Amino acid sequence: MPSLHLYQFQSLGLDPIDLTVGPGECITLAGPSGCGKSLLLRAIADLDPHEGDAAIDGLRQSRIRGHEWRSRVGLLPAESHWWGDRVRDHLPGAEPPHLQDLGFGVDSLDWSIARLSSGEKQRLALIRLLAGQPGALLLDEPTANLDQKTGQWVEALIDTYRREKGAAVIWVSHDPEQRERVSDRAFLIEDRMLRCETWN
Amino acid sequence: MELIQLSPWDLSIAALLVLALAAISWRLHLGIEGRLLIATVRSVLQLMLIGLVLKALFAQSNPLLIGAVTLFMLSMAGYEVMARQQRRFKGLWGMGIGTLSMFISSFSITLLALHVVVQVEPWYTPQYLIPLLGMLLGNTMTGMAIALDNLTQQAWQRRGAIEAKLTLGWNWDNAIRDIRRDALRAGLIPIINAMGAAGVVSLPGMMTGQILAGSPPMDAAKYQIMILMLIAGGTGLGATFAVWLGSRRLFDKRERLRLDRLR
(Lines give C-alpha, C1' and ligand atoms only; values in the text may rest on other atoms or scores of the structure.)
Protein backbone atom coordinates (compact mmCIF):
# COMPACT_ATOMS: atom_id res chain seq x y z
CA MET A 1 0.00 0.00 0.00
CA PRO A 2 1.72 3.21 -1.16
CA SER A 3 2.09 6.22 1.08
CA LEU A 4 3.55 9.53 -0.09
CA HIS A 5 6.14 11.36 2.00
CA LEU A 6 7.61 14.84 1.63
CA TYR A 7 10.86 15.61 3.45
CA GLN A 8 11.81 19.30 3.81
CA PHE A 9 10.24 19.59 0.38
CA GLN A 10 10.40 23.10 -1.06
CA SER A 11 8.82 24.31 -4.28
CA LEU A 12 8.68 27.83 -5.67
CA GLY A 13 6.85 30.25 -3.36
CA LEU A 14 6.51 27.95 -0.35
CA ASP A 15 8.56 27.19 2.77
CA PRO A 16 9.90 23.63 3.21
CA ILE A 17 7.15 21.10 3.90
CA ASP A 18 7.21 17.81 5.82
CA LEU A 19 4.09 15.81 5.06
CA THR A 20 2.93 12.21 4.97
CA VAL A 21 -0.15 11.14 3.02
CA GLY A 22 -1.10 7.64 4.09
CA PRO A 23 -2.29 4.81 1.82
CA GLY A 24 -5.81 5.54 0.66
CA GLU A 25 -5.76 8.92 2.36
CA CYS A 26 -7.03 12.06 0.62
CA ILE A 27 -5.79 15.49 1.64
CA THR A 28 -7.04 18.72 0.08
CA LEU A 29 -5.17 21.95 -0.61
CA ALA A 30 -6.70 25.37 -1.00
CA GLY A 31 -5.40 28.93 -1.11
CA PRO A 32 -5.56 32.10 -3.17
CA SER A 33 -4.55 31.80 -6.81
CA GLY A 34 -0.84 32.30 -7.31
CA CYS A 35 0.02 30.95 -3.84
CA GLY A 36 1.93 28.01 -5.33
CA LYS A 37 -0.52 25.09 -5.17
CA SER A 38 -0.07 24.04 -8.77
CA LEU A 39 3.69 24.57 -8.59
CA LEU A 40 3.80 22.35 -5.49
CA LEU A 41 2.01 19.56 -7.35
CA ARG A 42 4.34 19.97 -10.36
CA ALA A 43 7.36 19.80 -8.07
CA ILE A 44 6.06 16.68 -6.29
CA ALA A 45 5.63 15.09 -9.73
CA ASP A 46 9.25 16.20 -10.32
CA LEU A 47 8.40 18.28 -13.38
CA ASP A 48 10.07 21.37 -11.86
CA PRO A 49 13.36 21.68 -9.97
CA HIS A 50 12.87 21.83 -6.18
CA GLU A 51 14.63 21.36 -2.84
CA GLY A 52 14.21 18.42 -0.47
CA ASP A 53 13.17 14.87 -1.18
CA ALA A 54 10.01 12.81 -1.48
CA ALA A 55 9.19 9.11 -1.34
CA ILE A 56 6.43 6.82 -2.54
CA ASP A 57 5.99 3.37 -1.01
CA GLY A 58 9.47 3.68 0.55
CA LEU A 59 11.10 4.59 -2.80
CA ARG A 60 13.01 7.86 -2.67
CA GLN A 61 12.47 10.28 -5.54
CA SER A 62 16.19 11.00 -5.66
CA ARG A 63 17.02 7.30 -6.00
CA ILE A 64 14.91 6.46 -9.03
CA ARG A 65 14.83 8.01 -12.48
CA GLY A 66 12.39 10.80 -13.33
CA HIS A 67 10.05 8.75 -15.49
CA GLU A 68 9.95 5.91 -12.95
CA TRP A 69 8.90 8.39 -10.28
CA ARG A 70 6.24 9.98 -12.48
CA SER A 71 4.73 6.62 -13.46
CA ARG A 72 4.13 6.07 -9.71
CA VAL A 73 3.09 9.61 -8.77
CA GLY A 74 0.47 10.70 -11.28
CA LEU A 75 -0.22 14.40 -11.85
CA LEU A 76 -3.51 15.61 -13.32
CA PRO A 77 -2.80 19.22 -14.39
CA ALA A 78 -5.56 21.80 -14.49
CA GLU A 79 -5.29 21.92 -18.27
CA SER A 80 -4.89 18.70 -20.23
CA HIS A 81 -2.76 18.37 -23.38
CA TRP A 82 -3.14 15.89 -26.21
CA TRP A 83 -0.74 14.85 -28.93
CA GLY A 84 -2.70 12.49 -31.21
CA ASP A 85 -5.77 13.05 -33.40
CA ARG A 86 -8.13 10.56 -31.73
CA VAL A 87 -9.00 9.68 -28.17
CA ARG A 88 -7.69 6.14 -28.65
CA ASP A 89 -4.19 7.41 -29.46
CA HIS A 90 -3.88 8.36 -25.79
CA LEU A 91 -5.39 5.35 -24.05
CA PRO A 92 -4.11 1.77 -23.82
CA GLY A 93 -5.94 -1.25 -25.22
CA ALA A 94 -9.31 -1.77 -26.88
CA GLU A 95 -11.29 -1.13 -23.69
CA PRO A 96 -9.47 1.12 -21.24
CA PRO A 97 -10.67 0.88 -17.63
CA HIS A 98 -13.00 3.50 -16.09
CA LEU A 99 -14.35 4.73 -19.46
CA GLN A 100 -17.93 3.81 -18.51
CA ASP A 101 -17.52 5.15 -14.97
CA LEU A 102 -17.27 8.68 -16.36
CA GLY A 103 -20.06 8.32 -18.88
CA PHE A 104 -18.16 7.37 -22.06
CA GLY A 105 -19.02 4.50 -24.40
CA VAL A 106 -16.46 2.51 -26.38
CA ASP A 107 -17.38 4.57 -29.47
CA SER A 108 -15.85 7.61 -27.77
CA LEU A 109 -12.41 6.15 -28.50
CA ASP A 110 -12.85 7.22 -32.12
CA TRP A 111 -13.76 10.79 -31.25
CA SER A 112 -11.56 13.55 -32.58
CA ILE A 113 -9.55 15.37 -29.92
CA ALA A 114 -10.23 18.71 -31.61
CA ARG A 115 -13.97 18.34 -31.02
CA LEU A 116 -13.87 17.48 -27.31
CA SER A 117 -15.42 19.93 -24.85
CA SER A 118 -13.30 21.12 -21.95
CA GLY A 119 -15.33 18.92 -19.58
CA GLU A 120 -14.83 15.84 -21.77
CA LYS A 121 -11.11 16.57 -21.94
CA GLN A 122 -10.92 16.82 -18.18
CA ARG A 123 -12.69 13.49 -17.64
CA LEU A 124 -10.67 11.73 -20.35
CA ALA A 125 -7.45 13.11 -18.86
CA LEU A 126 -8.34 11.42 -15.56
CA ILE A 127 -9.08 8.14 -17.36
CA ARG A 128 -5.74 8.46 -19.18
CA LEU A 129 -3.93 9.04 -15.89
CA LEU A 130 -5.60 6.17 -14.01
CA ALA A 131 -4.83 3.76 -16.88
CA GLY A 132 -1.20 3.88 -15.76
CA GLN A 133 -2.23 2.79 -12.21
CA PRO A 134 -0.19 5.36 -10.27
CA GLY A 135 0.20 4.79 -6.51
CA ALA A 136 -0.37 8.46 -5.71
CA LEU A 137 -2.62 11.05 -7.36
CA LEU A 138 -1.90 14.77 -7.54
CA LEU A 139 -5.13 16.37 -8.72
CA ASP A 140 -5.25 20.03 -9.75
CA GLU A 141 -8.94 20.99 -9.66
CA PRO A 142 -10.16 17.83 -11.39
CA THR A 143 -13.80 18.98 -11.46
CA ALA A 144 -13.29 22.64 -12.41
CA ASN A 145 -14.89 22.36 -15.87
CA LEU A 146 -17.59 19.84 -14.92
CA ASP A 147 -21.30 20.15 -14.18
CA GLN A 148 -22.75 18.69 -11.00
CA LYS A 149 -23.53 15.24 -12.41
CA THR A 150 -20.19 14.56 -14.08
CA GLY A 151 -18.43 16.14 -11.10
CA GLN A 152 -20.04 13.54 -8.87
CA TRP A 153 -18.91 10.76 -11.22
CA VAL A 154 -15.33 12.03 -10.97
CA GLU A 155 -15.50 12.25 -7.17
CA ALA A 156 -16.90 8.71 -7.00
CA LEU A 157 -14.23 7.31 -9.34
CA ILE A 158 -11.37 8.91 -7.41
CA ASP A 159 -12.88 7.65 -4.15
CA THR A 160 -13.16 4.07 -5.47
CA TYR A 161 -9.66 4.18 -6.97
CA ARG A 162 -7.96 5.32 -3.80
CA ARG A 163 -9.79 2.75 -1.65
CA GLU A 164 -9.17 -0.19 -3.99
CA LYS A 165 -5.62 0.73 -4.87
CA GLY A 166 -4.75 2.33 -1.54
CA ALA A 167 -3.52 5.37 -3.42
CA ALA A 168 -2.44 8.53 -1.60
CA VAL A 169 -4.28 11.57 -2.98
CA ILE A 170 -3.45 15.30 -2.88
CA TRP A 171 -6.42 17.26 -4.22
CA VAL A 172 -6.40 20.99 -4.99
CA SER A 173 -9.94 22.38 -4.87
CA HIS A 174 -11.50 25.84 -4.74
CA ASP A 175 -14.86 24.49 -3.56
CA PRO A 176 -15.12 24.36 0.29
CA GLU A 177 -18.04 21.90 0.18
CA GLN A 178 -16.10 19.57 -2.05
CA ARG A 179 -13.08 19.79 0.24
CA GLU A 180 -15.20 18.88 3.23
CA ARG A 181 -16.75 16.00 1.27
CA VAL A 182 -13.62 14.33 -0.07
CA SER A 183 -10.84 15.14 2.43
CA ASP A 184 -9.52 13.10 5.31
CA ARG A 185 -7.36 16.12 6.19
CA ALA A 186 -7.57 19.60 4.71
CA PHE A 187 -4.87 22.26 4.39
CA LEU A 188 -4.83 25.94 3.48
CA ILE A 189 -1.78 27.67 2.08
CA GLU A 190 -1.17 30.91 4.01
CA ASP A 191 2.04 32.93 4.28
CA ARG A 192 4.05 30.32 2.37
CA MET A 193 2.99 27.57 4.82
CA LEU A 194 0.46 24.75 5.08
CA ARG A 195 -2.13 25.22 7.85
CA CYS A 196 -4.92 22.87 8.84
CA GLU A 197 -8.30 23.89 7.50
CA THR A 198 -11.22 23.40 9.90
CA TRP A 199 -14.94 23.36 9.22
CA ASN A 200 -17.23 25.26 11.54
CA MET B 1 40.25 26.14 -73.44
CA GLU B 2 41.70 28.81 -71.20
CA LEU B 3 39.58 30.53 -68.53
CA ILE B 4 38.68 34.01 -69.75
CA GLN B 5 39.89 36.58 -67.21
CA LEU B 6 37.31 38.88 -65.65
CA SER B 7 38.28 42.55 -65.53
CA PRO B 8 37.04 45.00 -62.85
CA TRP B 9 34.93 46.45 -65.67
CA ASP B 10 33.15 43.07 -66.14
CA LEU B 11 32.42 42.86 -62.42
CA SER B 12 31.02 46.37 -62.26
CA ILE B 13 28.45 45.46 -64.95
CA ALA B 14 27.24 42.68 -62.63
CA ALA B 15 27.25 45.13 -59.72
CA LEU B 16 24.90 47.42 -61.70
CA LEU B 17 22.28 44.67 -61.49
CA VAL B 18 22.48 44.71 -57.69
CA LEU B 19 22.24 48.50 -57.65
CA ALA B 20 19.15 48.30 -59.87
CA LEU B 21 17.59 45.83 -57.48
CA ALA B 22 18.36 48.15 -54.55
CA ALA B 23 16.69 51.01 -56.42
CA ILE B 24 13.58 48.88 -57.01
CA SER B 25 13.52 47.92 -53.34
CA TRP B 26 13.74 51.59 -52.35
CA ARG B 27 11.04 52.62 -54.83
CA LEU B 28 8.63 49.86 -53.72
CA HIS B 29 9.34 50.36 -49.99
CA LEU B 30 10.50 46.76 -49.60
CA GLY B 31 12.95 47.93 -46.96
CA ILE B 32 15.67 45.45 -47.90
CA GLU B 33 17.97 47.76 -49.90
CA GLY B 34 20.24 48.34 -46.90
CA ARG B 35 20.63 44.68 -46.14
CA LEU B 36 21.10 43.88 -49.82
CA LEU B 37 23.94 46.37 -50.23
CA ILE B 38 25.66 45.28 -47.02
CA ALA B 39 25.42 41.62 -48.08
CA THR B 40 26.86 42.51 -51.49
CA VAL B 41 29.77 44.43 -50.02
CA ARG B 42 30.35 41.59 -47.55
CA SER B 43 30.44 38.97 -50.28
CA VAL B 44 32.86 41.06 -52.38
CA LEU B 45 35.23 41.66 -49.47
CA GLN B 46 35.03 38.10 -48.14
CA LEU B 47 35.60 36.50 -51.53
CA MET B 48 38.53 38.80 -52.40
CA LEU B 49 40.01 38.07 -49.00
CA ILE B 50 39.62 34.29 -49.34
CA GLY B 51 41.12 34.60 -52.82
CA LEU B 52 44.22 36.20 -51.29
CA VAL B 53 44.34 33.67 -48.43
CA LEU B 54 44.02 30.71 -50.77
CA LYS B 55 46.70 32.13 -53.06
CA ALA B 56 49.11 32.26 -50.13
CA LEU B 57 47.95 28.89 -48.85
CA PHE B 58 48.39 27.13 -52.18
CA ALA B 59 51.86 28.59 -52.56
CA GLN B 60 53.03 27.30 -49.15
CA SER B 61 51.02 24.15 -48.44
CA ASN B 62 51.82 24.49 -44.74
CA PRO B 63 49.74 21.96 -42.72
CA LEU B 64 49.49 24.24 -39.67
CA LEU B 65 48.22 27.15 -41.75
CA ILE B 66 45.75 24.89 -43.54
CA GLY B 67 44.52 23.60 -40.17
CA ALA B 68 43.99 27.14 -38.92
CA VAL B 69 41.97 28.05 -42.01
CA THR B 70 39.74 24.96 -41.67
CA LEU B 71 39.09 25.74 -38.00
CA PHE B 72 38.19 29.31 -38.91
CA MET B 73 35.75 28.01 -41.54
CA LEU B 74 34.24 25.63 -38.98
CA SER B 75 33.70 28.32 -36.36
CA MET B 76 32.11 30.67 -38.88
CA ALA B 77 29.74 27.88 -39.93
CA GLY B 78 28.96 27.16 -36.27
CA TYR B 79 28.19 30.82 -35.72
CA GLU B 80 25.90 30.89 -38.77
CA VAL B 81 23.95 27.86 -37.49
CA MET B 82 23.50 29.59 -34.13
CA ALA B 83 22.50 32.93 -35.67
CA ARG B 84 19.72 31.28 -37.66
CA GLN B 85 18.04 29.87 -34.52
CA GLN B 86 15.02 31.75 -33.25
CA ARG B 87 15.19 30.02 -29.87
CA ARG B 88 18.76 28.98 -29.39
CA PHE B 89 20.32 27.27 -26.40
CA LYS B 90 21.83 29.53 -23.76
CA GLY B 91 25.55 29.72 -23.15
CA LEU B 92 28.17 27.64 -24.90
CA TRP B 93 25.56 25.14 -26.07
CA GLY B 94 24.11 27.69 -28.47
CA MET B 95 27.14 27.55 -30.72
CA GLY B 96 28.52 24.27 -29.39
CA ILE B 97 25.86 21.87 -30.64
CA GLY B 98 26.05 23.04 -34.26
CA THR B 99 29.82 23.41 -34.32
CA LEU B 100 30.47 20.01 -32.77
CA SER B 101 28.02 18.28 -35.09
CA MET B 102 29.55 19.93 -38.14
CA PHE B 103 33.04 19.08 -36.96
CA ILE B 104 32.10 15.42 -36.65
CA SER B 105 30.20 15.20 -39.93
CA SER B 106 32.00 17.55 -42.32
CA PHE B 107 35.55 16.85 -41.17
CA SER B 108 35.16 13.09 -41.10
CA ILE B 109 33.49 13.02 -44.51
CA THR B 110 36.08 15.34 -46.05
CA LEU B 111 38.84 13.10 -44.71
CA LEU B 112 37.07 10.04 -46.08
CA ALA B 113 36.71 11.69 -49.48
CA LEU B 114 40.35 12.78 -49.64
CA HIS B 115 41.80 9.49 -48.41
CA VAL B 116 39.57 6.86 -49.91
CA VAL B 117 37.76 8.44 -52.85
CA VAL B 118 40.05 11.04 -54.44
CA GLN B 119 43.30 9.69 -52.94
CA VAL B 120 45.21 12.90 -53.30
CA GLU B 121 48.83 13.05 -52.03
CA PRO B 122 49.36 14.49 -49.44
CA TRP B 123 45.79 14.34 -48.19
CA TYR B 124 45.88 17.94 -46.96
CA THR B 125 46.68 19.37 -50.40
CA PRO B 126 44.81 22.67 -50.02
CA GLN B 127 43.55 22.79 -53.62
CA TYR B 128 41.35 19.80 -52.76
CA LEU B 129 40.85 20.09 -49.02
CA ILE B 130 39.63 23.69 -48.75
CA PRO B 131 36.99 23.68 -51.52
CA LEU B 132 35.70 20.23 -50.49
CA LEU B 133 35.41 21.20 -46.85
CA GLY B 134 33.86 24.53 -47.77
CA MET B 135 31.18 22.89 -49.86
CA LEU B 136 30.42 20.35 -47.16
CA LEU B 137 30.28 22.95 -44.40
CA GLY B 138 28.14 25.32 -46.42
CA ASN B 139 25.56 22.69 -47.26
CA THR B 140 25.44 20.73 -43.99
CA MET B 141 25.17 24.10 -42.23
CA THR B 142 21.82 24.75 -43.90
CA GLY B 143 20.41 21.35 -43.04
CA MET B 144 21.61 21.53 -39.48
CA ALA B 145 20.28 25.05 -38.91
CA ILE B 146 16.83 24.03 -40.17
CA ALA B 147 16.78 20.83 -38.10
CA LEU B 148 17.87 22.53 -34.87
CA ASP B 149 15.55 25.46 -35.37
CA ASN B 150 12.67 23.09 -35.97
CA LEU B 151 13.53 21.07 -32.86
CA THR B 152 13.59 23.99 -30.43
CA GLN B 153 10.57 25.75 -31.95
CA GLN B 154 8.46 22.61 -31.88
CA ALA B 155 9.53 21.76 -28.34
CA TRP B 156 8.47 25.26 -27.32
CA GLN B 157 5.11 25.09 -29.08
CA ARG B 158 4.30 21.54 -28.04
CA ARG B 159 5.59 21.80 -24.47
CA GLY B 160 2.16 20.92 -23.10
CA ALA B 161 2.06 17.64 -25.00
CA ILE B 162 5.64 16.78 -24.02
CA GLU B 163 4.90 17.39 -20.35
CA ALA B 164 1.64 15.44 -20.62
CA LYS B 165 3.67 12.43 -21.75
CA LEU B 166 6.16 12.99 -18.94
CA THR B 167 3.40 13.10 -16.31
CA LEU B 168 2.17 9.75 -17.62
CA GLY B 169 5.57 8.23 -16.89
CA TRP B 170 7.08 8.28 -20.40
CA ASN B 171 10.86 8.68 -20.49
CA TRP B 172 12.38 11.80 -22.10
CA ASP B 173 13.40 9.90 -25.22
CA ASN B 174 9.85 8.76 -26.00
CA ALA B 175 8.35 12.09 -25.00
CA ILE B 176 10.36 14.04 -27.64
CA ARG B 177 10.57 11.30 -30.29
CA ASP B 178 7.94 12.62 -32.72
CA ILE B 179 9.34 16.17 -32.53
CA ARG B 180 12.87 14.91 -33.13
CA ARG B 181 11.72 12.93 -36.15
CA ASP B 182 9.95 15.94 -37.65
CA ALA B 183 13.03 18.14 -37.08
CA LEU B 184 15.36 15.67 -38.76
CA ARG B 185 13.04 15.29 -41.72
CA ALA B 186 12.85 19.07 -42.17
CA GLY B 187 16.65 19.29 -42.11
CA LEU B 188 17.10 16.64 -44.79
CA ILE B 189 14.52 17.95 -47.27
CA PRO B 190 16.78 20.63 -48.88
CA ILE B 191 19.55 18.22 -49.88
CA ILE B 192 17.03 15.67 -51.14
CA ASN B 193 15.43 18.38 -53.27
CA ALA B 194 18.84 19.55 -54.49
CA MET B 195 19.76 16.03 -55.59
CA GLY B 196 16.42 15.62 -57.32
CA ALA B 197 16.83 18.87 -59.25
CA ALA B 198 20.53 18.43 -60.07
CA GLY B 199 21.21 18.48 -63.78
CA VAL B 200 17.57 18.99 -64.73
CA VAL B 201 16.78 22.33 -63.15
CA SER B 202 20.14 23.48 -61.89
CA LEU B 203 23.74 22.89 -62.84
CA PRO B 204 25.37 22.82 -59.40
CA GLY B 205 28.12 25.33 -58.64
CA MET B 206 31.05 22.98 -58.60
CA MET B 207 30.21 21.47 -61.97
CA THR B 208 29.65 24.89 -63.50
CA GLY B 209 33.01 26.03 -62.22
CA GLN B 210 34.86 23.02 -63.57
CA ILE B 211 33.24 23.35 -66.97
CA LEU B 212 34.11 27.06 -67.12
CA ALA B 213 37.67 26.17 -66.20
CA GLY B 214 37.84 23.80 -69.16
CA SER B 215 37.22 20.33 -67.68
CA PRO B 216 35.44 17.74 -69.85
CA PRO B 217 31.75 17.74 -68.84
CA MET B 218 31.77 14.04 -67.90
CA ASP B 219 34.62 14.55 -65.43
CA ALA B 220 32.82 17.56 -63.97
CA ALA B 221 29.63 15.50 -63.66
CA LYS B 222 31.45 12.72 -61.81
CA TYR B 223 32.92 15.17 -59.33
CA GLN B 224 29.52 16.73 -58.81
CA ILE B 225 27.92 13.33 -58.17
CA MET B 226 30.53 12.60 -55.53
CA ILE B 227 29.98 15.99 -53.90
CA LEU B 228 26.20 15.61 -53.78
CA MET B 229 26.51 12.23 -52.12
CA LEU B 230 29.08 13.47 -49.65
CA ILE B 231 26.84 16.41 -48.79
CA ALA B 232 23.83 14.14 -48.32
CA GLY B 233 25.84 11.87 -46.04
CA GLY B 234 27.33 14.78 -44.14
CA THR B 235 24.00 16.52 -43.66
CA GLY B 236 22.34 13.32 -42.48
CA LEU B 237 25.12 12.48 -40.05
CA GLY B 238 25.45 16.03 -38.73
CA ALA B 239 21.73 16.74 -38.40
CA THR B 240 21.10 13.40 -36.65
CA PHE B 241 23.84 14.15 -34.16
CA ALA B 242 22.78 17.77 -33.63
CA VAL B 243 19.12 16.90 -33.14
CA TRP B 244 19.98 14.10 -30.73
CA LEU B 245 22.32 16.31 -28.73
CA GLY B 246 19.83 19.19 -28.76
CA SER B 247 16.90 17.04 -27.66
CA ARG B 248 19.00 15.60 -24.84
CA ARG B 249 19.89 19.11 -23.72
CA LEU B 250 16.18 20.02 -23.54
CA PHE B 251 15.86 17.65 -20.56
CA ASP B 252 17.82 17.57 -17.34
CA LYS B 253 19.04 14.60 -15.30
CA ARG B 254 15.59 14.16 -13.77
CA GLU B 255 14.10 14.03 -17.30
CA ARG B 256 12.32 17.36 -16.80
CA LEU B 257 11.61 19.49 -19.86
CA ARG B 258 13.87 22.53 -19.38
CA LEU B 259 12.77 25.20 -21.84
CA ASP B 260 14.53 27.73 -19.61
CA ARG B 261 17.71 26.47 -21.29
CA LEU B 262 16.56 28.24 -24.45
CA ARG B 263 16.64 31.97 -24.83
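This is a predicted model: local features need pLDDT of at least 70, side-chain atom pairs count only at pLDDT 80 or more; totals for chains, interfaces and linings use all residues.
The partner of A:Arg185 is A:Glu25, and the two form a salt bridge whose closest N and O atoms lie 2.7 Å apart. This pair ties together distant parts of the chain: A:Glu25 sits in the loop between β2 (17–21) and β3 (26–30) of chain A, while A:Arg185 belongs to strand β9 (residues 185–190), 160 residues apart. A:Glu25 has a relative accessible area of 15%, so it counts as buried.

**Salt bridges within and between chains**

Over all chains, the whole structure holds 26 salt bridges. In general, side chains of opposite charge can pair when their charged atoms come close. The table gathers a few of these pairs.

| Pair | N to O distance |
|---|---|
| A:Glu25 and A:Arg185 | 2.7 Å |
| A:Asp46 and B:Arg256 | 2.6 Å |
| A:Arg88 and A:Asp110 | 2.9 Å |
| A:Arg65 and B:Glu255 | 3.7 Å |

Let us take A:Arg88 and A:Asp110, whose side chains meet in a salt bridge. Both residues lie in the loop between β6 (73–76) and α3 (118–131) of chain A, 22 residues apart. A:Arg88 is partly exposed at 37% relative accessibility, and A:Asp110 is partly exposed at 41%.

Now for a pair that crosses between chains. The side chains of A:Asp46 and B:Arg256 are joined by a salt bridge. A:Asp46 is in the loop between α1 (37–44) and β4 (51–56) of chain A, and B:Arg256 is in the segment after α9 (217–249) of chain B. Are these two residues buried or exposed? A:Asp46 is buried, with a relative accessible area of 0%. B:Arg256 has 9% relative accessibility, so it counts as buried. Through shared partners, salt bridges join A:Asp46, B:Asp252, B:Arg254, B:Arg256, B:Arg258 and B:Asp260 into one network.

**Where the chains meet**

The contact draws 21 residues from chain A and 15 residues from chain B. On the chain B side, B:Thr167, B:Arg254 and B:Arg256 lose the most area to chain A, together 38% of what that side buries. The area buried between the two chains is about 1,600 Å², and carbon and sulfur atoms give 54% of this area.

How many salt bridges are found across the interface of chain B and chain A? There are four salt bridges, and one of them pairs A:Arg65 with B:Glu255. By class, the side of chain B that touches chain A has six charged, four polar and five nonpolar residues. Between the two chains, ten residue pairs are in polar contact.

**A closer look at chain B**

Chain B has nine helices and zero strands. Its C-alpha trace spans about 70 × 55 × 40 Å along the principal axes. Of the 263 residues in chain B, 38% are buried. Among contacts in chain B between residues at least 6 apart in sequence, 71% join residues at least 24 apart.

**Backbone details to look for**

B:His29 also has a positive phi of about 55 degrees, although it is not a glycine. B:His29 lies in the loop between α1 (8–27) and α2 of chain B, and its relative accessible area of 72% makes it exposed. In chain A, A:Arg192 is not a glycine either, yet its phi is positive at about 65 degrees. A:Arg192 is found in the loop between β9 and β10 (193–196) of chain A, and it is partly exposed, with a relative accessible area of 42%.

Where is the cis peptide bond that involves B:Pro122? This bond joins B:Glu121 and B:Pro122, with omega at about -15 degrees. B:Pro122 has its place in the loop between α4 (92–118) and α5 (126–157) of chain B.

Methods: Residues are numbered from 1 along each chain as its sequence is written. Chains are lettered from A and ligands numbered from 1 in the order in which they are written. Side-chain values use heavy atoms; hydrogens and water are left out. Contact means heavy atoms within 4.5 Å. Buried area is the accessible area (1.4 Å probe) that two parts lose on being put together, summed over both. A polar contact is a pair of N or O atoms within 3.5 Å; within protein, one must be able to donate a hydrogen and the other to accept it, and residues adjacent in sequence count only if both atoms are side-chain atoms. Ala, Val, Leu, Ile, Met, Phe, Trp, Tyr, Cys and Pro count as nonpolar, Asp, Glu, Lys and Arg as charged, and the others, Gly among them, as polar. Helices (H or I, at least four residues) and strands (E, at least two) are DSSP runs, numbered from the N terminus. Buried means under 20% relative accessible area, exposed over 50%, partly exposed in between (1.4 Å probe, protein chains only).
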